[in-house]
Amino acid sequence: MAVPLRAHHLLCLLSYSGEGYSPAFVHGFNGIVQRLADAEPIELVTGPDAICAPLCSDPCAHCHNQSVTQRDQLAADALAPWFERPLVPGARLTLSAQRLAQLRAAFAQDQFHRACAGCPWDGLCADIARNGFAGTLLHMEPVAVPTD
Ligand code: SF4
């Protein structure tokens, strides 16, 4: 199995602290965080993904908005160097403790600001980054390197 994610949600994962649009959204997001912490891979998708799912039946949901699609493209472009490959639909990605730390460091250095511009959570995510990502929920165990 792989977790279907749209590109800009790779950024949202970095600062996710259990806050979101609704209890159902938060419940679903928590489950995805757990799957990723358990080393399940990610499959990049276009449009609404596993995180959007609890919101998609809401007529006010922004999941299909052009601005959100554009955010995905900006995020994919900005994140590609970190995954050392183009982030195109269908790409399979893996997170690791090291990659998570690298992405968080880059986020804190504002390297993804273009993708986040205009997002209503921008201020909160910036504060979380400034506070060293304290209180965020995605944690990954470093992989032990054999010594012999
Ligand atoms: S500012 Fe918005 S798009 Fe950027 S990481 Fe936070 S929630 Fe995601």
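# Questions on the Structure

Visitor: How is Val 26 classed by its count of other C-beta atoms within 10 Å?
Guide: Val 26 has 16 other C-beta atoms within 10 Å. A residue is buried if 20 or more other C-beta atoms, placed from the backbone, lie within 10 Å of its own, exposed if 12 or fewer do, and partly exposed in between. Val 26 therefore counts as partly exposed.

Visitor: What kind of model is this?
Guide: Residues are numbered from 1 along each chain as its sequence is written. Local features need pLDDT of at least 70, side-chain atom pairs count only at pLDDT 80 or more, and totals for chains, interfaces and linings use all residues; the model is predicted.

Visitor: In which element does Val 26 have its place?
Guide: Helices (H or I, at least four residues) and strands (E, at least two) are DSSP runs, numbered from the N terminus. Leaving aside neighbours within four places in sequence, Val 26 is in contact (C-beta atoms, placed from the backbone, within 7 Å) with Gly 18 and Gly 20. The place of Val 26 is in helix 2.

Visitor: Which residues of the largest nonpolar core touch the most other members?
Guide: A nonpolar core is a set of buried Ala, Val, Leu, Ile, Met, Phe, Trp, Tyr and Cys residues joined through C-beta atoms within 7 Å. The largest one holds 32 residues. Each of the elements strand 1 (3-6), helix 1, helix 2 (23-37), strand 2 (42-45), helix 3, helix 4, helix 5 and helix 6 supplies at least two of its residues. Those that touch the most other members are Leu 5, Ala 7, Leu 10, Leu 11, Ala 75, Leu 79 and Phe 112.

Visitor: On how many sides of helix 6 do its buried residues lie?
Guide: Helix 6 (residues 122-130) has the buried residues Cys 125, Ile 128 and Ala 129. The arc, taken from the directions from the helix axis to the C-beta atoms, is only 100 degrees for these residues, so they lie on the same side.

Visitor: Which exposed residues does the opposite face of helix 6 carry?
Guide: The buried residues of helix 6 are covered by elements including helix 1 (9-15), helix 4 (97-108) and helix 5 (113-116). The face turned away from the buried side carries the exposed residues Gly 123, Asp 127 and Arg 130.

Visitor: Which element gives the largest share of the shell around the ligand?
Guide: The residues around the ligand (C-beta atom, placed from the backbone, within 6 Å of it) are His 8, Leu 11, Cys 12, Ser 15, Cys 116, Cys 119, Trp 121, Asp 122 and Cys 125. Helix 1 and helix 6 are the elements that give two or more residues to this shell. The largest share, three residues, comes from helix 1.

Visitor: How far apart are the end C-alpha atoms of helix 4?
Guide: The expected span is 1.5 Å times one less than the number of residues. Helix 4 has twelve residues and should therefore span 16 Å. This agrees with the distance between its end C-alpha atoms, which is 16 Å.

Visitor: Is Phe 133 buried or exposed?
Guide: Phe 133 lies in the segment after helix 6. Its phi is near 65 degrees, a positive value in a residue other than glycine. Because Phe 133 has 21 C-beta neighbours inside 10 Å, it counts as buried.

Visitor: Is Glu 84 buried or exposed?
Guide: Glu 84 has its place in the loop between helix 3 (66-83) and strand 3 (92-93). Phi of Glu 84 is positive, near 55 degrees, although the residue is not glycine. With 6 other C-beta atoms within 10 Å, Glu 84 is exposed.

Terms used
Contact = placed C-beta atoms within 7 Å.
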